[in-house]
Amino acid sequence: MKVLGILGSPRVGGNSDILLEQALAGAKDGGAEVEKIILSQKKISGCLDCGKCNDTGVCAIKDDMLEINQKILEADVVIHSVPVYFWAMTSQMKAYLDRWCAFFDAEWRVHKAYLPRMKVKKIGLITVCGDPNVSTSDPIVHSFKNTCQFSGLKLLDVVQVSAAAKGEIANNEVAKKKAYDLGRKSATK
Ligand SMILES: Cc1cc2nc3c(=O)[nH]c(=O)nc-3n(C[C@H](O)[C@H](O)[C@H](O)COP(=O)(O)O)c2cc1C
């Protein structure tokens, strides 16, 4: 069992990172092999809609996303952790998600080359917003929920928390446990 963690915040050691670490610790305790990717440390261009991946299943843009797509394919579970920026996901996470285009064919069906692996994949999501009302992150949840439904992927329980200052979430035991449990469950179910 392989669990891949995707950090969508550029603030390494910040709230999303702390919660992603919790989730990965849970997954590790559940027996999974874990790996974390920090998107802000990777070179990831936005999708160009060139359509070249429709036939080949491989993106024409030669940047770090080629390697990340391989890791997504190899993983059983992909857990994303991302803060809200202007009522949406960060630009790093959006560029990453748009590049999932390579997993689809011209009719927006999961590309036949990836069908067996993509069908059994589970997706996790953790969101952090500065607003005390966690529903501020609902647009991110909406985006991931629909992407999963559309692609036939299983979306695990979503963890939505509120924190503003860097590392503030470290004092929130409830949020940390929710993230840990998400990772643990993802490795065992
Ligand atoms: C550019 C930017 C835009 C933000 N926009 C929002 C927002 O629209 N709503 C909100 O609740 N918090 C917003 N925040 C606050 C972050 O979501 C919050 O500080 C969060 O804890 C950051 O998570 P991190 O520590 O993982 O980076 C914004 C922060 C930044 C830097």
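User: Which strand supplies the largest share of the shell around the ligand?
Analyst: Strand 3, with three residues. This is a predicted model, where local features need pLDDT of at least 70, side-chain atom pairs count only at pLDDT 80 or more, and totals for chains, interfaces and linings use all residues. Residues are numbered from 1 along each chain as its sequence is written, and side-chain values use heavy atoms, with hydrogens and water left out.

User: What makes a run of residues a strand or a helix here?
Analyst: Both are DSSP runs, numbered from the N terminus: helices are H or I with at least four residues, strands are E with at least two. Helix 1 (15-29), strand 3 (77-85) and strand 5 (122-129) each give the ligand shell at least two residues.

User: How many residues surround the ligand, and which are the closest?
Analyst: The shell holds 17 residues, and Ser9, Asn15, Ser16, Val84 and Ala163 are the closest. A residue is near a molecule if one of its heavy atoms lies within 4 Å of it.

User: How do the shell residues divide into nonpolar, polar and charged?
Analyst: Nine are nonpolar, six polar and two charged. Ala, Val, Leu, Ile, Met, Phe, Trp, Tyr, Cys and Pro count as nonpolar; Asp, Glu, Lys and Arg count as charged; the others, Gly among them, count as polar.

User: How far is the polar side-chain atom of serine 16 from an oxygen atom of the ligand?
Analyst: The distance is 2.5 Å. A polar contact is a pair of N or O atoms within 3.5 Å; within protein, one must be able to donate a hydrogen and the other to accept it, and residues adjacent in sequence count only if both atoms are side-chain atoms. The backbone takes part too: a polar backbone atom of phenylalanine 86 is 2.8 Å from a ligand nitrogen. The protein covers 77% of the 630 Å² of accessible area that the ligand has on its own. Such areas come from the Shrake-Rupley method with a 1.4 Å probe; for residues, only the protein chains shown count as cover.

User: Why is the pair of phenylalanine 104 and phenylalanine 150 called tilted?
Analyst: Rings of Phe, Tyr and Trp (its six-membered ring) pair if their centres lie within 6.5 Å; planes under 30 degrees apart count as stacked, over 60 as edge-to-face and the rest as tilted. The ring centres of phenylalanine 104 and phenylalanine 150 are 5.6 Å apart and their planes stand at 35 degrees, so the pair is tilted. Phenylalanine 104 sits in the loop between helix 4 (91-98) and helix 5 (115-119), and phenylalanine 150 in helix 6 (residues 138-151), so the pair ties together parts 46 residues apart in sequence.

User: Why does phenylalanine 104 count as buried?
Analyst: Buried means under 20% relative accessible area, exposed over 50%, partly exposed in between (1.4 Å probe, protein chains only). Phenylalanine 104 has 5%, so it counts as buried. Phenylalanine 150 has 47%, so that residue counts as partly exposed.

User: What makes tryptophan 100 buried?
Analyst: Its relative accessible area is 4%, so tryptophan 100 is buried. Ring pairs link Tyr96, Trp100, Phe103 and Tyr114 into a cluster. The side chains of tryptophan 100 and tyrosine 96 also make a polar contact at 3.4 Å.

User: Is histidine 80 buried or exposed, and why?
Analyst: Histidine 80 has a relative accessible area of 0%, so it is buried. This residue lies in strand 3. Its side chain makes a polar contact with the side chain of tyrosine 96 at 2.7 Å.
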